[in-house]
Amino acid sequence: MKTLKLFAVMLILAFFVSSNRVNAQTFQKELIATFNDMYLPCIDIYISGTWTCHFTYQLDKGGKISRMHFNTLQSDFHEVQTGEKVICLDTGNDKLGNYFWFFNNPNAANGIEDCYNVKDGWLDQYMPDNYPFEEGSMVEQNWKFIYGGEKYGVSTLIQLHINAKGVVTVDNSKTKIICTE
């Protein structure tokens, strides 16, 4: 009988814990971008090719984006003049809202019409009213490239946390740029 009661309590507890997350949903999409003769000032070369991003966003109970994650799924770039392969790596996690507009409007953000396989505004119905948020974190390794055996790129870390009393407890921002001299 004790086992039956324990099972019933565990079942009820599991129901309450999971019912709190029923409305939160996670969605995934492959974003594919095609670039022709894109200049990389850090390396001083032009590249062409395709970049595929694995993009994930999570909706809160109100049906609005609360966080997003992105990383390179495939990079198929080459240097325009020599044809040498250029590897692009990009990864990030945004719970602050800094990249929400960018991923909702990736073509306009890159200044190229129909660069991505989605139309600008494709996430409009899920965009929160106010972002960046007052609290959160964003970590990104912005478009790191491997070319000629060397690594180039930008890394960014932004963290902002506010406690229940409205006091900023963490306000941290770091950027590291690795370019040719």
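**Figure 1. The largest nonpolar core of the predicted model has 34 residues.** Within this core, Phe-55 and Ile-65 touch the most other members. Two or more residues each come from β1, β2 (45-59), β3 (65-79), β4 (85-94), α2 (100-104) and β5. The element that gives the most is β2, with seven residues. In soluble globular proteins, nonpolar side chains tend to be buried together.

**Figure 2. Surroundings of Phe-55 in the core.** Neighbours within four places in sequence are left out of this view of the contacts of Phe-55. The remaining contacts of Phe-55 include Phe-27, Gln-28, Lys-29 and Leu-31. Met-68, His-69 and Phe-70 are also in contact with Phe-55. Further along the sequence, Phe-103, Trp-122 and Leu-123 complete the list of Phe-55 contacts.

**Figure 3. An open sheet of seven strands.** The strand order is β1-β2-β3-β4-β5-β6-β7, with antiparallel pairing. At the edges of the sheet are β1 (25-40) and β7 (168-178), each of which pairs on one side only. From one strand to the next, the twist averages 10 degrees.

**Figure 4. The hairpin of β1 and β2.** These two strands run antiparallel and are joined by 14 bridges. Leu-40 stands opposite Ile-45 in β2. Four residues lie between the strands of the hairpin, and Asp-44 takes a positive phi near 65 degrees.

**Figure 5. Pairing of β5 with β6.** Strand β5 covers residues 136-147 and strand β6 covers residues 150-162. The two strands run antiparallel, and 10 bridges join them.

Figure 6. Ser-137 counts as buried because its relative accessibility is 18%, where the cut-off for buried is under 20%. With neighbours within four places in sequence set aside, Ser-137 is in contact with Asn-93, Asp-94, Lys-95 and Leu-96, among others. Contacts of Ser-137 also include Ile-158, Gln-159 and His-161. Gly-97 is 40 residues from Ser-137 in sequence, while their C-alpha atoms are 8.5 Å apart in space.

Conventions. Residues are numbered from 1 along each chain as its sequence is written. This is a predicted model: local features need pLDDT of at least 70, side-chain atom pairs count only at pLDDT 80 or more; totals for chains, interfaces and linings use all residues. Side-chain values use heavy atoms; hydrogens and water are left out. Two strands pair if DSSP finds at least two bridges between them. Axes are lines fitted to C-alpha atoms, for helices over the stretch in contact, and angles run from 0 to 180 degrees between N-to-C directions. A nonpolar core is a set of buried Ala, Val, Leu, Ile, Met, Phe, Trp, Tyr and Cys residues joined through side-chain atoms within 4.5 Å. Buried means under 20% relative accessible area, exposed over 50%, partly exposed in between (1.4 Å probe, protein chains only). Contact means heavy atoms within 4.5 Å.
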